[in-house]
Amino acid sequence: MITSRMFTKMPLKIDPQDTHSGLSGLFAAATVSKSFREMLLSDPEQALKQGYMGKGFGLSQADAELIISLSAKSLPDLAKQVVQTLGY
């Protein structure tokens with residue numbers, strides 16, 4: 001089966017003017033909810049579809065693609081990869 005994680009080397013189109021505001025909510029939910037965090041790390045596409053407590057995160061298409069493309073073993077690792085990819 002082909003999964004989105006097989007395409008991790010595809011270039012992402014990141015807009016330098018984007019504030020990435022949806023990422024704050026995503027990381028907040030992952031910080032306070034162990035079950036959401038585990039889903040985000042194991043199946044990020046499903047985590048983004050499901051949202052947290054019935055609400056989505058308002059991620060841009062590029063940010064959603066970024067989260068789905070990464071493979072992390074922990075939340076700090078995911079955060080580090082996001083920061084490195086966005087160039088902060």
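How many residues apart are Glu38 and Lys34 in helix H2? Hold that thought for a moment.

Quick housekeeping, everyone. This is a predicted model, where local features need pLDDT of at least 70, side-chain atom pairs count only at pLDDT 80 or more, and totals for chains, interfaces and linings use all residues. Residues are numbered from 1 along each chain as its sequence is written, and side-chain values use heavy atoms, with hydrogens and water left out.

Okay, back to our pair. Glu38 and Lys34 sit 4 residues apart in helix H2, residues 34-42, so about one helical turn separates them. When I say helix, I mean a DSSP run of H or I with at least four residues, numbered from the N terminus. An α-helix has 3.6 residues a turn, so residues three or four places apart point the same way. The two side chains meet in a salt bridge, 3.9 Å from N to O. That term means a side-chain nitrogen of Lys or Arg within 4 Å of a carboxyl oxygen of Asp or Glu. By that rule, the count is 1 salt bridge.

How accessible are these two? Glu38 is partly exposed at 43% relative accessible area, while Lys34 is exposed at 53%. The cut-offs, with a 1.4 Å probe and protein chains only: buried is under 20%, exposed is over 50%, and partly exposed is in between.

Now for the inside. The largest nonpolar core has 22 residues, and Leu26, Phe36, Leu40, Leu78 and Val82 touch the most other members. Such a core is a set of buried Ala, Val, Leu, Ile, Met, Phe, Trp, Tyr and Cys residues joined through side-chain atoms within 4.5 Å. Helices H1 (21-32), H2, H3 (44-50), H4 (61-69) and H5 (75-86) each give it two or more residues, and H1 gives the most, with 5.

So which residues of H1 are buried? They're Gly22, Leu23, Leu26, Phe27, Ala29 and Ala30. They lie on the same side of H1, because they cover an arc of only 155° around the axis, taken from the directions from the helix axis to the C-beta atoms. On the other side, Ser21, Ser24, Thr31 and Val32 are exposed. The buried residues of H1 pack against H2, H3, H4 and H5.

Last stop: Gln81, in helix H5. Gln81 is buried, at 17% relative accessibility, and its side chain reaches the backbone oxygen of Ser71 at 3.0 Å. Thanks, folks!

Terms used: Contact = heavy atoms within 4.5 Å. Polar contact = N/O pair within 3.5 Å; in protein donor to acceptor, adjacent residues only side chain to side chain.
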